[in-house]
Amino acid sequence: LFVRACYEQSRKGITVALVIFARTDTIWWHEYAMKAAELRLLRGRVKFIDPDTGEEGDAAGAPTVVLVFRPGHEGPTDVSAMVRENGQARLFGVKGG
């Protein structure tokens with residue numbers, strides 16, 4: 001599993017950040033994603049922009065999360081939600097959520 005590999009790299013001293021689908025109904029989510037130092041849920045469906053044309057692509061097929069695995073992290077995960085208001089990204093967090 002890719003997420004497990006990211007977690008294991010953090011145990012070796014490497015900070016790893018990844019953008020993936022928030023599949024909270026899966027085993028890997030509870031075994032590895034919830035061990036991340038940071039978990040940032042993105043409101044709505046992510047759309048990526050083509051760097052060559054500047055055009056938006058289709059929306060992602062599922063909710064998206066940013067996970068950050070940090071070396072030495074043993075405590076609870078910091079959970080936050082990122083929302084867009086008036087074109088600006090805002091972050092709402094819960095320490096040790």
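Which residues are linked with E38 in a network of salt bridges? The answer is R40 and R70, which join E38 in that network. Please keep in mind that this is a predicted model.

**Nonpolar core**

- The largest nonpolar core has 16 residues, and those touching the most other members are V3, L18, I20, W29, V65, L67 and F69.
- Helices α1 (2-11) and α2 (27-31), together with strands β1 (16-21) and β5 (64-69), each give this core at least two residues.
- As general background, nonpolar side chains in soluble globular proteins tend to be buried together.

**Aromatic rings**

- Searching the whole structure turns up 3 aromatic pairs.
- One of them joins Y7 and F69 edge-to-face, with 6.1 Å from centre to centre and 70° between the planes.
- This pair links distant parts of the chain, since Y7 belongs to helix α1 and F69 to strand β5, 62 residues apart.
- Y7 has a relative accessibility of 17%, so Y7 counts as buried.
- Another edge-to-face pair is formed by W28 and W29, whose ring centres are 6.0 Å apart and whose planes are at 65°.
- W28 counts as buried because its relative accessibility is 18%.
- Y7 and F69 also belong to one aromatic cluster with Y32.

- S10 is found in helix α1, and with 3% relative accessibility S10 counts as buried.
- The side chain of S10 reaches back to the backbone oxygen of Y7, at a distance of 2.6 Å.
- Once neighbours within four places in sequence are set aside, the contacts of S10 are V16, F69, R70, P71 and G72.
- Two names on that list return elsewhere in this briefing: F69 is the ring partner of Y7, and R70 takes part in the salt-bridge network.

**Charged pairs**

- In total, the structure holds 5 salt bridges.
- R11 and E74 form one of them, with their closest N and O atoms 2.7 Å apart.
- R11 is partly exposed at 43% relative accessible area, whereas E74 is exposed at 58%.
- E38 and R40 form another salt bridge, and their closest N and O atoms are 2.7 Å apart.
- E38 counts as buried because its relative accessibility is 13%, while R40 is partly exposed with a relative accessible area of 22%.
- A further salt bridge joins E56 to K47, with 3.6 Å between the closest N and O atoms.
- E56 counts as exposed at 53% relative accessibility, and K47 is partly exposed at 44% relative accessible area.
- To come back to the opening question, E38 and R40 are linked with R70 in a network of salt bridges.

Note on methods
Residues numbered from 1 in each chain as written. Predicted model: local features only at pLDDT ≥ 70, side-chain atom pairs only at ≥ 80, totals over all residues. Heavy atoms only, no water. Core = buried A, V, L, I, M, F, W, Y, C linked by side-chain atoms within 4.5 Å. Buried < 20%, exposed > 50% of the residue type's maximum accessible area, 1.4 Å probe, protein only. Helix = DSSP H or I, 4+ residues; strand = E, 2+ residues; numbered from the N terminus. Polar contact = N/O pair within 3.5 Å; in protein donor to acceptor, adjacent residues only side chain to side chain. Contact = heavy atoms within 4.5 Å. Phe/Tyr/Trp six-rings, centres within 6.5 Å; stacked < 30°, edge-to-face > 60°. Salt bridge = Lys/Arg side-chain N within 4 Å of Asp/Glu carboxyl O.
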